[in-house]
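Me: I would like to go through this model with you, starting with the conventions. Could you take me through it?

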Amino acid sequence: MSEPRPSTHLPASSGREGVETVDEHGARVQAMFSDIAPGYDRANRVMSMGIDVRWRRRAVRSLLPAESRGEDARILDLCAGTLDSSLEIHRAFPEAEVVGGDFSAGMLEVGRQRLDAEARAAITPKEMDAHELPEPASSFDALFCAFGVRNLSDLARATAEQARVLRPGGRLVVLDFFRPTTLATRAFHGLYNSTVLPVVGWAFTGNLEAYRYLPRSMQAFVSAEQYRSLLESKGFVDIEVQGLTFGVAAVVTAVRAPTAGELAAAKGAVA
Ligand SMILES: C[S@@+](CC[C@H](N)C(=O)[O-])C[C@H]1O[C@@H](n2cnc3c(N)ncnc32)[C@H](O)[C@@H]1O
């Protein structure tokens, strides 16, 4: 399967922030998100009329079994931005340890300021590049990513990294705008992305180019079914795709299968 690169029609960046592994495309995405960080949350709420909150809440619930409070669980919220999803994960699973990983120091700083003392004890914001996660293998029980994977330079490499840091049996939950495949969703995306998105995005952040990039990144992204194939190729099983709000967005859940080496080691331990 070939993965299209997200569009790079972005302003040139003045240079990479902290994280050293970031490539040219990543540096532009990073600079863009740091620039829009102060107005990002308000723009989101207005643009989606609050629906993004419901989407996140629903997606987050799939991370762990319904009865869990997250006891002993480590969860990575990847491309965490202003920590909206990290906070949602903390509300759903208050005993879980949550790492909010993102390569934009600006987005993480806005998020950090939203955390009260209790949330600060559970959520650790951490700068990281999704293509080279600074985390040990099998160190997370679940991994969440909302509206993040679409921005990545190398989706295949980042997906392999997600499989690496998840423990066998760990769950991946991805919420995003995949490339629309039906006529109705294509028409909706086309209209919305050329009207509401740039106008509201510009009004709240002052950055029109960023809100022109976002629709292009959707067009250049994989469809949910292509994404399913990629997950399979990187060792994920039990993959489910659920359309949200008439297929405008989708939540994809998958389980990280044990590798052959892990199975052999487990057999050896039993014998
Ligand atoms: C559209 S925002 C989503 C933020 C948050 N998950 C939410 O739902 O509001 C995308 C985020 O992905 C981050 N991002 C993009 N590429 C990344 C990469 N290679 N590594 C880490 N973070 C990345 C951006 O900095 C930005 O904060």
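Reply: Helices (H or I, at least four residues) and strands (E, at least two) are DSSP runs, numbered from the N terminus. Residues are numbered from 1 along each chain as its sequence is written. This is a predicted model, in which local features need pLDDT of at least 70, side-chain atom pairs count only at pLDDT 80 or more, and totals for chains, interfaces and linings use all residues.

Me: How many residues surround the ligand, and which are the closest?
Reply: The ligand is surrounded by 21 residues, the closest being C79, G81, S104, A130 and A146. A residue counts as near a molecule or strand if its C-beta atom, placed from the backbone, lies within 6 Å of it.

Me: What is the shell like by class?
Reply: The shell around the ligand has ten nonpolar, eight polar and three charged residues. Ala, Val, Leu, Ile, Met, Phe, Trp, Tyr, Cys and Pro count as nonpolar, Asp, Glu, Lys and Arg as charged, and the others, Gly among them, as polar.

Me: On to the sheet. What is the strand order?
Reply: The sheet is open and has seven strands in the order 3-2-1-4-5-7-6, with mixed pairing. Two strands pair if DSSP finds at least two bridges between them. Strand 3 (123-127) and strand 6 (236-244) are at the edges with a single partner strand each, so one side of each has no neighbour in the sheet. From one strand to the next, the twist averages 15°.

Me: In which sense do strand 4 and strand 5 pair?
Reply: Strand 4 (residues 140-146) and strand 5 (residues 166-176) are paired in the parallel sense over six bridges. L143 has L172 in strand 5 as its bridge partner.

Me: And what does helix 2 touch on the sheet?
Reply: Helix 2 (residues 51-61) packs on the sheet and touches strand 4, strand 5, strand 6 and strand 7 (249-256). The direction of helix 2 makes about 165° with that of strand 5. Here, contact between two residues requires their C-beta atoms, placed from the backbone, to lie within 7 Å. Axes are lines fitted to C-alpha atoms, for helices over the stretch in contact, and angles run from 0 to 180 degrees between N-to-C directions.

Me: Back to helix 1. At what angle does it cross helix 4?
Reply: The axes of helix 1 and helix 4 (residues 105-112) cross at roughly 25° and come within 7 Å. Helix 1 and helix 4 are therefore roughly parallel to each other. Angles under 35 degrees count as roughly parallel, over 145 as roughly antiparallel, 65 to 115 as roughly perpendicular and the rest as oblique.

Me: Which residues meet there?
Reply: From helix 1, F33, S34, A37, P38 and Y40 meet A105, G106, M107 and V110 in helix 4. This contact divides into seven nonpolar, two polar and no charged residues.

Me: How do helix 2 and helix 3 cross?
Reply: Their axes come within 10 Å and cross at roughly 50°. Helix 2 and helix 3 are therefore oblique to each other. R56, R57, V60 and R61 of helix 2 make the contact with D84, S85, E88, I89 and A92 of helix 3. By class, the residues of this contact are three nonpolar, one polar and five charged.
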